[in-house]
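Here is a briefing on a protein chain, arranged by topic. Look over the sequence and the structure before reading the points below.

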Amino acid sequence: MKDMRRETARTTLFVCSVPKTATEEAIKTHFTEAYPTCRVSAVTLGYDVAKLMHLDKERIRAGKNMRYYERVLEKTGEREMINLQLCGHLCCCSNCEKVDAIEYYRAKEKELLEEVREQVELVPQRPLGIAFITLQTEAMAQYILKDFNALKCGSKSCCGREPQPSSNTETLKVKKWTVSFAPHPKNVYWDNLSTQGFSWFMRYVMLNFFLFFLLTFLTTPTIIINTIDKFNVTKPIYYLNSAIISQFFPTFLLWVFSALLPTIVYYSTLGEAHWTRSSEQLSMLRKLYFFLLFMVLILPSLGLTSLAVFFRWLFDKEFLSGGKLRCVFLPDQGAFFVNYVIAAGLVGSGMDLLRLPGLLLYTIRMALAQSAAERKYVKQNQAYEFEYGAMYGWTLCVFTVIMAYSIICPIIVPFGLLYMMLKHLVDKHNLYFAYLPARLDHQVHLGAVNQALAAPLICLIWLYFFSVLRSGFWAAISLFTLVVLTITVFICISYTCFGHLKYLSPHNYEVKEDDDHTPEGSEENTLVYLPRVLNPKSPASTTQASDLQQSYGTTTGSPTYSSSPVEGSMISAVATLVAQEGRGEDEMKDKKNLYSFNCMDWFLLPPATHSMIEDVSKAAKGRFIGDPSYVYEHLEIQRQGEEDEAVEEEVVTKVNEEKRLAVTVHWIDEEVSVVPRSAFIKSPHGLVQMNRSFGGLSHSEAGKLNNFLHFTESKNLKKKSILEMADLNPTIDFLDVLSDDIPKGSWSLQSECAGQVCVIRSLLWLGLTFYHVPMTPQHGYIYIGDGTKNLDLPFML
């Protein structure tokens, strides 16, 4: 895998064990004095915001519910009444007390808003002892990191080194600091940062001990089958004497248990309160793979029922005296695992497509909703991020089963190939259409690849034990297998533990060092390492969403819209009319345009209709006047009637400047609005939304015009052939590319700021400028012009 953007902020350091009394100014002073050649751009301290984030989430939910019922009131003219009881919308009791929905959610939002503001004021009193230090360049961050890491070779008595001193060294207790590269801000669980130290360690130990204790005595479904046999429940199945039931039922039961295990491990991992999504997924991957390996492969192969019996098998000599090793690697065990792989490939792939656990959770949440607005909220938030840890663990388990029995029972290989093909297709479908994009450190994917090294090792161990039990220890095949196993173990340990033989790695993340040296953008990172509720640009900080609505002049009663992801489109004419764009849930269709004279008082533009566009095309000529009420007139003489009876009539078309501005903004959006490829995705429901995992185009991609798209409804996709459509990804390739525009040459693509910024200018609408910073999600466009199209472009080219 090449040209993948690193998911750690290479210019930001993450510092732990900072005194809680430390201030941002003191920390910045320390780095400035201790490292004079390094420039600190920003220092951000971490605070306990768990309760604040929960309250703000509930506030946003109450606000959405209130606006839902306000729209219902506008459409129907009737105020909705809701039942506040649990499962209130399912209750048919007429005696249940109902309240006005708008008033209830308005009061709830106001109450939560007050609590949020109180918590915001209390946040500075709850520091966590962590800090994010943003440097100007990556070289500066690496220099400081190497200085701190040099201390890890030992204590002061070992290497005699200390961190660079400053006047605040003793006050800040710099010797106790732990410094590393900071994870990406979207990779951080801000509400989990408050769980640290001894409390986090005890939580981790207790959860994993309980999980190990549970799975020690309930590792395989054999225990359940034996318990059922005690009550003679399986006698009717026994008397059926059916090979399908006797062979497939235990395999299917094993698959059901192995499908239930990821859910148990998933919730236990959530309870561990990891600080980042990447560490959470890595923990889930390792635990799930370990338990699945024992449940599915090791214990059934040894003829054991649980880990408890496995420990007895290891340490009890009398337990082994009965010749139980002869029961290992029986021929029918190969058939058992073949059935398991078939069940995992056919039944498991179908279950992955159905996503029954998610459907069950969705059903429960819908049943517990109190009102129609909450049900709509549940529908809008029913998608989750793809759980790479669980999927990697399960897939690697089946892969290990296939590898382990590939030599002893070769018939398992074609069924393993069938499983891998079906799993690839199902996961590809789910990643595109069912799950939200997940932003993880690439170490999660590399960890899964390294975990796969266990498969050939287990295959060789199984082959060695098989040959020893069947042929003896001194047989030639047993000795040869032992030598190959020893060499393979030595290579794997050298690769994973000591970093040798890295050139044999099947994966390669190649990142140019120059790509990350962006001093110009370092100042923009000062507010990155903050939870959304503390970000001054967020409505949840001090100016709430309800306050923001009041600042929009005549748009007081309109719903709030998110700021334009492309930084808005602006028209600046001689009379200084400024137009700004806001977007709703669907980034492409839910557009509202506003205009202003002073960039403070904003007025809502009417939507451009077909009749309005036709009138503007006829009447509006010349430059903008600057007065929205100014009326353009167009006199047209039309002949009505036939021949001698024809009568000439004067038809006057009138259109004011406000409508002209609306049509002009509509034309600019339709013809020259630009976004990078993959910046937006199209959901299975047809909604166009921002791609949260978009990390920017690479420098090579940013130099090609076909990687930039029109952010409007596609017009050319329907004209493409079936072969051309086969190469497109329907999730991201649903827009027209700029390189297909006619006439050719209507776009100018240039690289500025020493190649750090990609700039595209339109020659059709002179004044339209688009920019994109490669390797970052920053992009936008702006139009500054007189609002007229360059109709002479074909002759100029």
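K287 and E272 are both buried. The two residues form a salt bridge, with 2.6 Å between the closest N and O atoms. K287 belongs to helix α11 (residues 277-302), while E272 sits in the loop between α10 (243-271) and α11, so the pair ties together parts that are 15 residues apart in sequence. This is a predicted model, and the points below take up its confidence, its overall make-up and several local features.

**Confidence**

- The average pLDDT of the protein is 75, and 74% of the residues score at least 70.
- Over residues 323-327 the pLDDT stays under 50. For this stretch the model has five contacts beyond four places in sequence.
- Over residues 542-576 the pLDDT also stays under 50. Here the model has 95 contacts beyond four places in sequence.

**Overall make-up**

- The protein has 797 residues, of which 43% count as buried.
- Its secondary structure comes to 27 helices and 20 strands.
- The protein exposes about 42400 Å², and carbon and sulfur atoms supply 60% of that area.
- Take the contacts between residues at least 6 apart in sequence: 71% of them join residues at least 24 apart.

**Salt bridges**

- How many salt bridges does a search of the whole structure find? The search finds 15.
- R106 has a relative accessibility of 36%, so R106 counts as partly exposed. E103 is partly exposed as well, with a relative accessible area of 41%.
- K423 and D427 form another salt bridge, with an N to O distance of 3.7 Å. These residues are four apart in helix α18 (residues 412-433), which means that about one helical turn separates them. Both K423 and D427 are buried.
- Some salt bridges share partners, and in this way E70, R79, D100, E103 and R106 are joined into one network.

- Which residues does V426 contact, leaving aside its neighbours within four places in sequence? They are S349, D352 and L353.
- V426 and L353 are 73 residues apart in sequence, and their C-alpha atoms are 6.5 Å apart in space.

**L361 in helix α15**

- L361 lies in helix α15 (residues 356-368). With a relative accessibility of 33%, L361 counts as partly exposed.
- L361 is 21 residues from Q382 in sequence. From C-alpha to C-alpha, L361 and Q382 are 9.0 Å apart in space.

**A loop residue: N187**

- N187 is placed in the loop between β6 (178-183) and α7.
- Is N187 buried or exposed? At 3% relative accessibility, N187 counts as buried.
- Leaving aside neighbours within four places in sequence, N187 is in contact with W275, T276, R277, S278, R439, L440 and D441.

- F198, F201, M202, V205 and M206 make a nonpolar surface patch of about 500 Å².
- M202, one of the patch residues, is found in helix α7 (residues 197-217).
- M202 has 31% relative accessibility and therefore counts as partly exposed.

**Cysteines**

- A disulfide is a covalent bond between the sulfur atoms of two cysteines.
- The count of disulfides in this model comes to zero.
- C16 is buried, with a relative accessible area of 15%. C38 is buried too, with a relative accessible area of 7%.

Technical notes:
Residues are numbered from 1 along each chain as its sequence is written. This is a predicted model: local features need pLDDT of at least 70, side-chain atom pairs count only at pLDDT 80 or more; totals for chains, interfaces and linings use all residues. Side-chain values use heavy atoms; hydrogens and water are left out. Patches are made of residues with over 30% relative accessible area and no salt bridge: like charges are joined within 9 Å, nonpolar side chains (Val, Leu, Ile, Met, Phe, Trp, Tyr) within 5 Å. Accessible areas come from the Shrake-Rupley method with a 1.4 Å probe; for residues, only the protein chains shown count as cover. A salt bridge is a side-chain nitrogen of Lys or Arg within 4 Å of a carboxyl oxygen of Asp or Glu. Helices (H or I, at least four residues) and strands (E, at least two) are DSSP runs, numbered from the N terminus. Buried means under 20% relative accessible area, exposed over 50%, partly exposed in between (1.4 Å probe, protein chains only). Contact means heavy atoms within 4.5 Å. A disulfide is a pair of cysteine sulfur atoms within 2.5 Å. pLDDT is the predictor's confidence in each residue, from 0 to 100.
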